[in-house]
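Trainee: I would like to learn how to read the boundary between two parts of a chain. Could we work through an example together?

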Amino acid sequence: MPVYSISHVENVRICVVMVGLPARGKSLIAQKIVRYLSWLSIKAKCFNVGSYRRNLAGDRPVDASFFDPKNKDGLEVRQEAVNSAIRDMMSWFMDENGVVGIFDATNSTRQRREQILRLCRENGIEPMFLESWCDDQELILQNIADVKTTSPDYTNRNSELATDDFLKRIAFYEQGYETMDKDVDNSLTFIKLVNVNSQIILNRIESYLESRIVYYVMNLHIKPRSIWLSRHGESQYNLTGQIGGDADLSERGMRYAKRLPELVLKSLGEENKHTNLTVWTSTMKRTQQTASFLPYKKKLQWKALDELDAGECDGMTYEEIEQKFPEDFKARDDNKYEYRYRGGESYRDIVIRLEPIIMELERQENILIITHQAVLRCLYAYFMNVPQEESPWMSIPLHTLIKLEPRAYSTLVTSIKADIPAVSTYKEKGTSQLGETETMTSKSRDIIRNSKDSA
C-alpha cells in the first residue's frame with residue numbers, strides 16, 4: 001500500500017501540537033511537515049497562532065511588551081488568537097475531513113497542553129506533541145536572524161532593535177515555560193528535539209502515520225541552507241521533440257554545461273564563492289554531461305532522479321503519441337498527475353520514488369541537483385507546496401539555474417537564466433505542439449522570476 005493512502009486505511013486523525021520557546025524553528029518544522037504530507041497526498045494543514053494574533057491586533061504596533069504576562073490587553077488578544085485557531089482547526093477536521101492538523105504555537109505550559117489534549121480526545125483526534133528545545137545560543141541567534149527577516153512582526157524594523165525586541169519576547173515566555181518530560185509526561189505521545197537533532201526523545205509513538213512523521217522530523221535540520229535546481233542542457237531529443245531516451249546534449253546544451261559553473265558562482269555570491277557544493281544527477285547521460293564542468297568533487301548519481309518513464313511512448317513525439325494512442329493522449333491531459341504511460345510511470349509514481357531523495361535532501365546543507373523536467377516539477381512542488389493538480393503543468397525552461405532558500409515563513413526563490421537559446425519542451429493542455437503561448441493558464445506556473453513564494 002503506497003504511503004500516501006495509509007492515513008485513510010488506518011482512519012487516524014492526528015493533531016501535531018508544536019511546543020517550544022520562540023526562535024526554536026517550530027514554524028519551519030510545522031510548514032515542512034505540511035509540505036511533506038501534502039506532497040504524499042495526505043490532507044494536512046497548519047494553524048499558526050501568530051497569524052491569528054496579527055489579524056486580531058490589526059494595525060497596532062506589537063513589541064515585546066505585548067507578550068508580558070502582566071499585559072492584560074496582550075493576554076486577551078493572544079488567548080482569543082489561540083481560541084480562533086483551535087476553532088478553525090476543529091472545523092477543518094470535521095467539515096473538510098482533515099487528517100493531520102498542526103497547531104503551531106508556543107504551547108509552553110502543561111495547562112495549555114492539557115486543554116488541547118482533552119479537546120482532541122473528545123473529538124476522536126490523536127494528539128501528538130512535538131517540542132523543539134534548544135539552549136544552543138548560536139543556533140537561537142541564527143533563528144532570530146531568520147525570523148526578523150521573514151516574520152511580518154518585524155517588517156521594516158531596524159535589525160538590531162528587532163533582535164533586542166525578540167530576545168525580550170523570549171525572556172517573557174521563559175518565565176512560565178514547562179518543557180516536555182519523559183517522566184512527568186510519560187502518558188503522552190511526543191517527540192522532543194534537543195538542539196535540532198543532536199538528541200531526539202520519542203514517547204508512545206503508536207500509529208503508522210505518527211511513525212512517518214517521526215521519521216521525517218528526525219531527518220530535518222533548521223540551519224540556513226540553499227538548494228540549486230537545474231534541468232540538463234538542451235539534448236538531441238529536445239531538438240526533435242522526442243520524449244524520454246538517453247540522448248546526448250546538443251551543441252547549445254554543451255554550451256550551457258560549460259556556462260553552469262559561472263552561473264553557480266554568481267548565485268553563490270562573492271562571500272560564499274568557496275562553498276563546497278554536493279552535486280546530484282540522474283543516471284542519464286544528459287545530466288552527467290551537464291555536470292561535467294562543475295569543479296565540485298562530490299558528485300552522486302541517483303536512479304530516483306531519472307526522468308519519468310514514458311513506457312511504450314519512449315522516444316516518440318507528442319504528435320506521434322496523439323496519433324497512435326489518442327485515448328491515452330486525452331487521458332493524460334485530463335489528469336496529468338495520475339496518468340501512467342503504458343508500461344511507464346505517472347507523476348504520482350515519481351513522487352513515491354523521490355521520497356528517499358527528499359529525506360536525504362532534508363539532512364544535507366547545500367546541494368545542486370541536475371535532473372529532468374518532470375522530476376524538477378515534483379521537487380519544486382514539494383518545496384513550494386504547489387498543489388498536485390498544478391505541478392505537472394509548471395513551466396521549467398531549459399538553461400536556467402533556480403535557487404531555493406527555505407525559511408521559517410517562506411521559501412525564497414531566485415533564478416538565473418543563461419544567455420544560451422534552447423527549444424521549449426513545454427506542452428500545453430489540448431495540443432501536441434511544444435512551446436508556450438501568450439495565453440498560458442495560471443496552472444502553467446513559470447518559475448523563472450525573482451520572487452518570494454509562500455511556503
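Mentor: Let us begin with the layout: the centres of domain 1 and domain 2, taken over C-alpha atoms, are separated by 34 Å, domain 1 covering 14–219 and domain 2 covering 227–417, with bounds that come from an automatic or database domain assignment. This is a predicted model, in which local features need pLDDT of at least 70 and side-chain atom pairs count only at pLDDT 80 or more, whereas totals for chains, interfaces and linings use all residues. Residues are numbered from 1 along each chain as its sequence is written, and side-chain values use heavy atoms, with hydrogens and water left out.

Trainee: How much area do domain 1 and domain 2 bury between them?

Mentor: The size of an interface is often given as the accessible area lost when the parts come together. Here the two domains bury about 2000 Å², 56% of it on carbon and sulfur atoms, where buried area is the accessible area (1.4 Å probe) that two parts lose on being put together, summed over both. Within domain 1, the residues that lose the most area to domain 2 are Arg35, Trp39 and Asn219, together 40% of what that side buries. In terms of contact (heavy atoms within 4.5 Å), 20 residues of domain 1 meet 22 residues of domain 2.

Trainee: How many salt bridges are counted between domain 1 and domain 2?

Mentor: The count is two, a salt bridge being a side-chain nitrogen of Lys or Arg within 4 Å of a carboxyl oxygen of Asp or Glu. Glu362 forms a salt bridge with Lys32, with the closest N and O atoms 2.9 Å apart. On the side of domain 1 that touches domain 2, helices H2 (26–39), H6 (137–150) and H8 (208–218) each supply at least two residues, and H2 gives the most, with eight; helices are DSSP runs (H or I, at least four residues), numbered from the N terminus.

Trainee: Which arrangement do the rings of Trp39 and Tyr382 adopt?

Mentor: A pair of aromatic rings is described by the distance of the centres and the angle of the planes. The structure holds 10 aromatic pairs, counted for rings of Phe, Tyr and Trp (its six-membered ring) with centres within 6.5 Å, planes under 30 degrees apart being stacked, over 60 edge-to-face and the rest tilted. The Trp39 and Tyr382 ring centres are 5.5 Å apart and the planes at 65°, so this pair is edge-to-face. Because Trp39 lies in helix H2 and Tyr382 in helix H15 (residues 373–384), the pair ties together parts that are 343 residues apart in sequence.
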